[in-house]
Each structure stands twice: as structure tokens, then as C-alpha cells.
Amino acid sequence: MLVLGIDTSCDDTSAGVVTGDLAILSNVVSSQDEVHTKFGGVVPELASRKHLENIIPIVDSALVKAGVALKEIDIIAVTKGPGLVGSLVAGISAAKAISLALQIPLLGVNHLEGHIASSLLTKNPPPPKFPFVALVVSGGHTSLYLVKKDGEGEGGTIEYVLKGQTLDDAAGEAFDKVAKLLNLGYPGGRLIEKAAALAHDAGWEGVTFPRAYLKKGSFDFSFSGVKTSVRNYIKASEKDGDLDDELKGRIAQGFQEAVVEVLAKKSISLVLTEGVDTLVVCGGVAANGRLREVIFEGAVEHDIRVVIPKRELCTDNGAMIGAVGVLRANEARLDNLSMNAISRLKI
Ligand code: KG4
Ligand code: ZN
């Protein structure tokens with residue numbers, strides 16, 4: 001089986017080809033960072049326009065890299081939500097057109113299920129065994145799920161039980177907003193990581209910011225408080241003139257530590273509470289080296305197996321949507337052409 005996966009949920013246009021046994025034949029991503037950088041964030045109208053320009057070349061490139069022809073594809077899997085409606089529609093329209101023209105069954109995929117499925121595409125470490133806890137941590141979401149499978153083998157149904165989620169900002173959104181406050185640029189996550197690493201290597205201590213654990217035993221998150229503390233700290237510091245690189249680095253490092261510590265502690269605590277042995281961490285923020293490090297440290301202490309896909313599988317990509325196509329192959333239909341974009345789709 002060959003599945004073509006397409007994702008245009010936010011600002012990356014991506015397509016990938018995966019096989020029925022979850023091997024990646026190609027995974028092509030065209031980033032729009034250049035378009036949105038000068039605005040300090042994604043401009044939805046520009047994102048959808050750029051997707052329209054990019055989608056066919058990106059699909060072509062994914063097929064060429066995989067060495068397969070479109071007519072050999074068995075299923076087209078495309079993100080139908082959550083995401084920006086205009087962006088989603090660009091990918092869905094292309095997928096519908098290909099499905100109709102070549103009579104290839106179509107499947108609408110939940111983007112968050114795609115992020116979780118990215119862990120099944122890993123070879124080293126091997127993919128997780130069900131049941132496991134998944135932390136989905138991206139620009140739009142920060143959620144903890146217990147992921148179970150009923151029945152054995154390919155026929156089993158996967159169930160996602162939401163155990164906690166952010167009550168305000170997503171972690172990635174907080175990274176992006178703090179990067180903007182520090183004038184580091186966009187997208188903020190990796191720029192904060194870079195500034196924090198420079199500060200760490202130079203021996204500059206991170207500023208201490210508050211951690212929001214919420215009430216005892218809660219697996220929900222809140223990141224707006226730490227973001228406000230950073231804003232207030234910057235305002236107070238600016239009274240003495242512009243922030244220099246050292247202070248920016250100390251703020252970036254302190255902010256990153258505050259977010260990473262809460263994400264790691266709550267995820268590990270849920271694994272222990274549920275009595276499972278594996279933690280999957282996925283979504284754009286899972287590309288953060290410090291988050292990976294702190295989670296691995298905590299996991300070793302409790303003998304928990306951690307699966308974090310490589311960085312290019314953490315951020316938005318088509319292969320992860322293709323992986324859901326493989327898992328849900330029996331739901332792909334030729335008459336799925338009435339499918340619509342759903343911006344707030346839940347798993
Ligand atoms: O999953 P993703 O590519 O798109 C969404 O579904 O939102 O995640 C994008 C988010 C952005 O907020 C970006 O700043 C963040 O992931 N991100 C990072 C890093 N790389 C990307 N956050 C922290 N550290 C990183 N290295
Ligand atoms: Zn995403």
C-alpha cells in the first residue's frame with residue numbers, strides 16, 4: 001500500500017509518501033517562514049495564497065523523491081483540521097482534485113492524530129507499543145492523551161483519551177510570543193532555543209520565572225502567566241535602556257526552563273498515574289533540545305521509555321498525515337469529496 005499524505009494546516013506546505021508498513025519514501029516541506037517573518041507571526045491570508053502556489057509542486061516533488069507515479073498511490077490522506085481554514089482548504093482542494101481525476105480514495109485526517117502518528121514512523125528508537133501517553137506540544141496545542149488500541153494487529157481501533165490540555169496559550173505560541181517580545185524573530189521556538197543555548201554556553205544564568213502547576217493532580221497547563229512575567233520583566237529592564245544579548249539570553253533561558261520543566265513533570269507524572277511504560281512527545285515544540293533532554297532525564301529515573309521523533313517529523317509534515325492514512329486505510333472513500341475544513345476539529 002502507498003499513501004500520499006498532505007498537510008497545509010498552518011504555514012508549511014507539505015507532502016509525503018509512506019508505505020503500508022509505515023516506511024517513509026519521501027517527506028517534503030516548503031516553509032513559509034520568509035513570508036511571515038516580517039509580520040512576526042502567520043498572516044492567514046498570505047499563508048493560504050502561498051499554499052495554493054506551492055501545493056502541486058510539493059506533491060510532485062514528494063512523488064519524484066519517493067520514485068512513485070500518482071497512479072500508483074492507493075490512498076490520499078489530507079489534513080481536514082484543526083488549523084487555519086484558508087490554509088486547510090488549499091490542501092483539501094488539491095487532494096480532492098487528485099482523488100477525482102485519478103479515482104484514488106480520499107481520507108480526511110485530524111492534524112493532532114498526525115502528530116501522534118509521527119511516532120509510529122520512527123525506526124530508531126523503535127515505534128511505541130500501545131497503550132502509551134502522548135504529549136502533543138505545538139504552536140496551536142498542548143495536550144496530554146492516553147492512547148490505547150482495542151484488538152491486535154492492523155484491524156484494531158485506536159482510542160485517544162484526553163487527560164489534560166492548556167487552559168490558555170499553547171506552549172509553542174508562548175515561545176513565539178516571547179521571541180517577539182525579545183525581538184528575536186519568527187518562528188520563535190528555535191530562536192529562543194538558540195539564544196538560551198548561547199547564554200548557557202557563556203555561563204549566564206537564566207532569569208527565574210514562575211511555573212504554573214495548577215491544582216494538585218491536574219494534567220492541564222497554563223502558559224499565559226509565565227509569558228506575562230517575561231513581559232513585565234522586559235518592561236522593567238528596558239527602563240535602563242535596550243536589552244543586550246546577555247540579558248536576552250538569560251530571559252530566553254529562564255523562560256525555556258519554566259515551560260520545559262512543567263511539560264516534562266506533568267507528562268512523566270501522567271505516565272506513572274496511568275501505569276503505562278511509554279511516553280511519546282510530538283509536535284513542533286518537541287524539536288526543542290532542552291525539552292528532549294529534560295524529558296529523557298526524568299524518564300530514566302522512572303524507567304519510562306521515551307519516543308520522540310526526529311526533528312523534521314516533530315514539526316508539521318505530510319508523512320505523519322500519510323501514517324494516519326495507513327492506520328485508517330479502511331475509512332478512505334472515493335465519495336469523501338464532500339469533506340470540509342474544520343478549524344477546531346477535536347480528536
Ligand atoms: O507542530 P508545528 O510545526 O505546527 C503546529 O501544528 O502548530 O509547531 C510549530 C510550533 C511553533 O510555535 C514553533 O515556535 C515551535 O513549534 N517550535 C519550537 C521549536 N521548533 C519549533 N519550539 C521550541 N523549540 C524549538 N526548537
Ligand atoms: Zn502541527
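Biologist: What is the relative accessible area of lysine 265?

Modeller: The model is a predicted one, in which local features need pLDDT of at least 70 and side-chain atom pairs count only at pLDDT 80 or more, while totals for chains, interfaces and linings use all residues. Residues are numbered from 1 along each chain as its sequence is written, chains are lettered from A and ligands numbered from 1 in the order in which they are written, and side-chain values use heavy atoms, with hydrogens and water left out. Buried means under 20% relative accessible area, exposed over 50%, and partly exposed in between (1.4 Å probe, protein chains only). Lysine 265 has a relative accessible area of 48% and is partly exposed.

Biologist: With which residue does lysine 265 form a salt bridge?

Modeller: A salt bridge is a side-chain nitrogen of Lys or Arg within 4 Å of a carboxyl oxygen of Asp or Glu. Lysine 265 meets glutamate 261 in this way, with N and O 3.8 Å apart. Both residues lie in helix α8 (residues 245–274); because they are 4 residues apart, about one helical turn separates them. Glutamate 261 is partly exposed at 23% relative accessibility. Helices (H or I, at least four residues) and strands (E, at least two) are DSSP runs, numbered from the N terminus.

Biologist: How many salt bridges does the rule give, and which distant parts of the chain does the pair of arginine 311 and glutamate 193 link?

Modeller: The count is 14 salt bridges. In one of them, the closest N and O atoms of arginine 311 and glutamate 193 are 4.0 Å apart. This pair links helix α10 to helix α6 (residues 188–202), 118 residues away in the chain. Arginine 311 is partly exposed at 41%, whereas glutamate 193 is buried at 18%. Another bridge joins arginine 328 to glutamate 331, with closest N and O atoms 2.9 Å apart. Salt bridges with shared partners also join Asp169, Glu173, Lys177 and Lys227 into one network.

Biologist: Which residues coordinate the zinc ion (ligand 2)?

Modeller: Donors are N, O and S atoms within 2.8 Å of the metal (3.2 Å for Na, K and Ca); water is not among the atoms, so sites may look incomplete. The zinc ion is coordinated by His111 (NE2), His115 (NE2) and Asp316 (OD) at 2.0 to 2.1 Å. Their spacing in sequence is H-x3-H-x200-D. Histidine 115 belongs to helix α4 (residues 111–117), and aspartate 316, 201 residues apart from it, to the loop between α10 (311–314) and α11 (318–327). Histidine 115 and aspartate 316 are both buried.

Biologist: What span should helix α9 have?

Modeller: The expected span is 1.5 Å times one less than the number of residues. For the 14 residues of α9 (residues 289–302) it is 20 Å, and the end C-alpha atoms are 20 Å apart, which agrees. Among the buried residues of α9 are Leu291, Val294 and Ile295. Contact means heavy atoms within 4.5 Å, and the buried residues of α9 pack against elements including β6 (132–137), α6 and α8. Just after the helix, aspartate 303 takes a positive phi of about 60°.

Biologist: How many residues has the largest nonpolar core?

Modeller: A nonpolar core is a set of buried Ala, Val, Leu, Ile, Met, Phe, Trp, Tyr and Cys residues joined through side-chain atoms within 4.5 Å. The largest has 50 residues, and Val137, Ile251, Phe255, Leu263 and Val281 have the most contacts inside it. Its largest share, 13 residues, comes from α8. Valine 137 touches residues including Leu263, Val281 and Leu291.

Conventions:
Lists of a residue's contacts leave out its neighbours within four places in sequence.
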